[in-house]
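Colleague: Could you walk me through how the labels on this one were assigned? I would like the cut-offs alongside the values.

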Amino acid sequence: MTTGQDHSCALVDLGTVPYREAWDLQRRLVAARHAGAIPDVLLLLEHPHTYTIGRRGDENEVLASPEHLASLGAAVIEVDRGGLATYHGPGQLVGYPILDLRPRGREVHSYLRNLEEALINALREVGIPAQRVPQKTGVWVDDRKIASIGVRFSRWISSHGFALNVTTDLSYFNHIVPCGMPAVMMTSVSRELSVAQGVSIARERPDLQETSSAQEATTADMTLLRSRVAHHLAQVFALQYLDDYLPALGDILGVERKAAAEAV
């Protein structure tokens with residue numbers, strides 16, 4: 001965990017943004033952070049259906065034909081982050097921290113573990129026993145992967161980040177080899193809560209059918225997860241969220257509104 005002084009950070013909730021638009025925004029923010037024109041920034045958002053292939057990946061990790069993916073409304077984009085192929089889509093909380101690692105010791109390994117720690121702590125708050133798996137970047141629930149991480153550093157300024165499956169339609173992962181692991185089982189907050197609630201109901205009311213248990217299961221709350229993830233990222237990276245956007249940041253974002261720190 002990062003210690004010492006707090007680092008000013010703008011918390012920006014973008015809603016749903018096309019992947020290429022968000023990628024271009026990250027590049028502009030990284031350049032501005034290099035120039036010292038803006039503080040650290042944390043972007044929280046969702047994407048429309050998109051498959052991305054990282055620097056270590058290739059098109060063979062996409063199993064479906066371009067025609068089939070087009071019928072699903074899904075784009076395929078080769079990107080400059082680390083990692084292999086993954087999926088982004090509605091119901092998935094995506095976070096792009098634009099952080100200066102120079103005052104944080106320039107530790108890539110520590111940065112990745114801090115991202116994992118923040119997600120693990122947020123998930124445990126909502127009743128999901130998330131954990132790390134040795135030698136595998138990301139966040140897991142037993143042998144099921146619930147969050148993926150792929151990052152990039154430009155002169156120690158971070159970009160890209162994490163994707164946490166909240167209410168994600170997991171069937172979209174069937175069209176790729178997720179993170180280069182053919183046997184991996186992807187999961188989501190809603191699925192894990194439904195399973196946990198279903199087990200509880202089954203113990204108390206064994207006469208109920210599984211479908212009834214699923215219908216009564218606790219549903220995932222994207223607003224809550226967004227708030228708790230932002231809170232725990234602030235803790236592990238010693239971030240102090242700003243109440244307002246600075247003019248330079250507002251110009252890049254094309255907005256004049258307050259930051260999202262009040263919800264954290």
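This is a predicted model: local features need pLDDT of at least 70, side-chain atom pairs count only at pLDDT 80 or more; totals for chains, interfaces and linings use all residues.

Colleague: Why is arginine 228 called buried?

Modeller: Buried means under 20% relative accessible area, exposed over 50%, and partly exposed in between, with a 1.4 Å probe and protein chains only. Arginine 228 has 17% relative accessibility, so it counts as buried. Threonine 168, with a relative accessible area of 6%, is buried too. Threonine 137 is at 33%, and therefore partly exposed.

Colleague: Where do those three residues lie, and what do they touch?

Modeller: Arginine 228 is in helix α6, threonine 168 in the loop between β10 and β11, and threonine 137 in strand β8 (residues 136-141). Helices (H or I, at least four residues) and strands (E, at least two) are DSSP runs, numbered from the N terminus. Contact means heavy atoms within 4.5 Å. Leaving out residues up to four places away in sequence, arginine 228 touches Ala122 and Glu125. With that exclusion, threonine 168 touches Tyr87, Pro90, Gly91, Gln92 and Phe173, and threonine 137 touches Arg113, Glu116, Lys145 and Ile149.

Colleague: How do you know that α6 is largely enclosed by the rest of the structure?

Modeller: Of its 16 residues, 12 are buried, so α6 is largely enclosed. Among them are Met222, Leu225, Val229, Leu233 and Phe237.

Colleague: What span is expected for α6, and what does the model give?

Modeller: The expected span of a helix is 1.5 Å times one less than its number of residues. Helix α6 (residues 222-237) reaches 22 Å from its first C-alpha to its last, close to the 22 Å expected. For α3, the 18 residues should span 26 Å, and its end C-alpha atoms are 26 Å apart, which agrees.

Colleague: What is found at the two ends of α6?

Modeller: At the start, a side-chain oxygen of aspartate 221 reaches to within 3.0 Å of the backbone nitrogen of threonine 223. Just after the helix, alanine 238 takes a positive phi of about 55°. Glycine 127, which follows α3, also has a positive phi, near 95°.

Colleague: How many aromatic pairs does the structure hold, and how are they classified?

Modeller: There are seven. Rings of Phe, Tyr and Trp (its six-membered ring) pair if their centres lie within 6.5 Å; planes under 30 degrees apart count as stacked, over 60 as edge-to-face and the rest as tilted. Tyrosine 87 and phenylalanine 173 have ring centres 5.4 Å apart and planes at 75°, so that pair is edge-to-face. This pair links distant parts of the chain, 86 residues apart, and tyrosine 87 and phenylalanine 173 are buried. Tyrosine 111 and phenylalanine 237 have ring centres 5.4 Å apart but planes at 40°, so that pair is tilted. Tyrosine 111 is in helix α3 (residues 108-125) and phenylalanine 237 in helix α6, 126 residues apart.

Colleague: What makes a nonpolar core?

Modeller: A core is a set of buried Ala, Val, Leu, Ile, Met, Phe, Trp, Tyr and Cys residues joined through side-chain atoms within 4.5 Å. The largest has 40 residues, of which Leu123, Ile146, Leu164, Val189, Leu233 and Tyr241 touch the most other members. A second, separate core of 25 residues includes Ala10, Val30, Leu45 and Leu253.

Note on methods:
Residues are numbered from 1 along each chain as its sequence is written. Side-chain values use heavy atoms; hydrogens and water are left out. A polar contact is a pair of N or O atoms within 3.5 Å; within protein, one must be able to donate a hydrogen and the other to accept it, and residues adjacent in sequence count only if both atoms are side-chain atoms.
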